[in-house]
Amino acid sequence: MPLFWWLARLVRHRPARGCLLFSLALLFEICWHLLYERIVFHGYQAQHWYLLDRVFPSFIIFAVSGVLTHVFATKLRPFMARHWLAQLVLWLLFLYIVTANFFRYGYPVRLTNAPYYLPSMIFYNLSTIGLIATLLGYLQKFRNQWLPFIHWVALYAHRAFLGHLFWLYWLWQASRQFLPWLPLELTLPLLVVLTITCSFIFAYGAHRTWSGIKRACGHYQIKNG
């Protein structure tokens, strides 16, 4: 965190520095992804460096983008609000590209061989985050009644994400076992809805269970949802 505090002070009131910092971080991230793709993902270091996509440099572009968004929020929010349609078009384009990448490695997509850590995913992730930030900026501007619910859901979003692969795998297996006649065009949306639902229910249930255990043991309970 001290590094990001320093970066925030470095670029404050200096948009040119912010653009340069973002460009350098994006260039580094692309090179890092290409390195992983060539050397680790199906490369000669696949067995030894397979956890390289978990280390800090693998996600530095998102940390830098968060710092810049906070520092230049007053200028970025109106700009993003005016260009929401262009953001949506770019998001759909990147969604198509990453989906094509998935299927390029064989069909059906195998969870053990899902090439999520590719350069195209950088732009897909950034466009997704940009759309979410634009939507929430709009809701905050008009004090939308959905904001408290969104904040409540956000408490469990990362916890749900951590377990979604488990639910996706078993729901896929169940769909192949019990609904083999269902076309893929209906199976995939159904899997998305069920995976999100099961992941959030489990995350909320685990939180409530753990909170109950702590209360039973006499520990101080911090209210969290």
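Of the 225 residues in the protein chain, 27% are buried, a figure that, like everything that follows, comes from a predicted model. The chain exposes about 15900 Å², and carbon and sulfur atoms supply 72% of that area.

The secondary structure behind these values comprises eight helices and zero strands, so that reading along the sequence gives the pattern α-α-α-α-α-α-α-α. Taken along its principal axes, the C-alpha trace of the protein chain spans about 60 × 50 × 40 Å. When contacts between residues at least 6 apart in sequence are considered, 68% of them join residues that are at least 24 apart.

The protein chain carries 19 positive and 4 negative charges, and the mean position of the positive charges lies 20 Å from the mean position of the negative ones.

Ser199 has its place in helix α8, which covers residues 184–216. Is Ser199 buried or exposed? Because its relative accessible area is 4%, and buried means under 20%, Ser199 counts as buried. Once the neighbours within four places in sequence are left aside, Ser199 is in contact with Ala160, Gly163, His164 and Trp167.

Technical notes:
Residues numbered from 1 in each chain as written. Predicted model: local features only at pLDDT ≥ 70, side-chain atom pairs only at ≥ 80, totals over all residues. Heavy atoms only, no water. Helix = DSSP H or I, 4+ residues; strand = E, 2+ residues; numbered from the N terminus. Buried < 20%, exposed > 50% of the residue type's maximum accessible area, 1.4 Å probe, protein only. Contact = heavy atoms within 4.5 Å. Areas by Shrake-Rupley, 256 points an atom, 1.4 Å probe, with all protein chains shown as cover. Lys, Arg positive; Asp, Glu negative; His and termini not counted. Charge placed at Lys NZ, Arg CZ, Asp CG, Glu CD.
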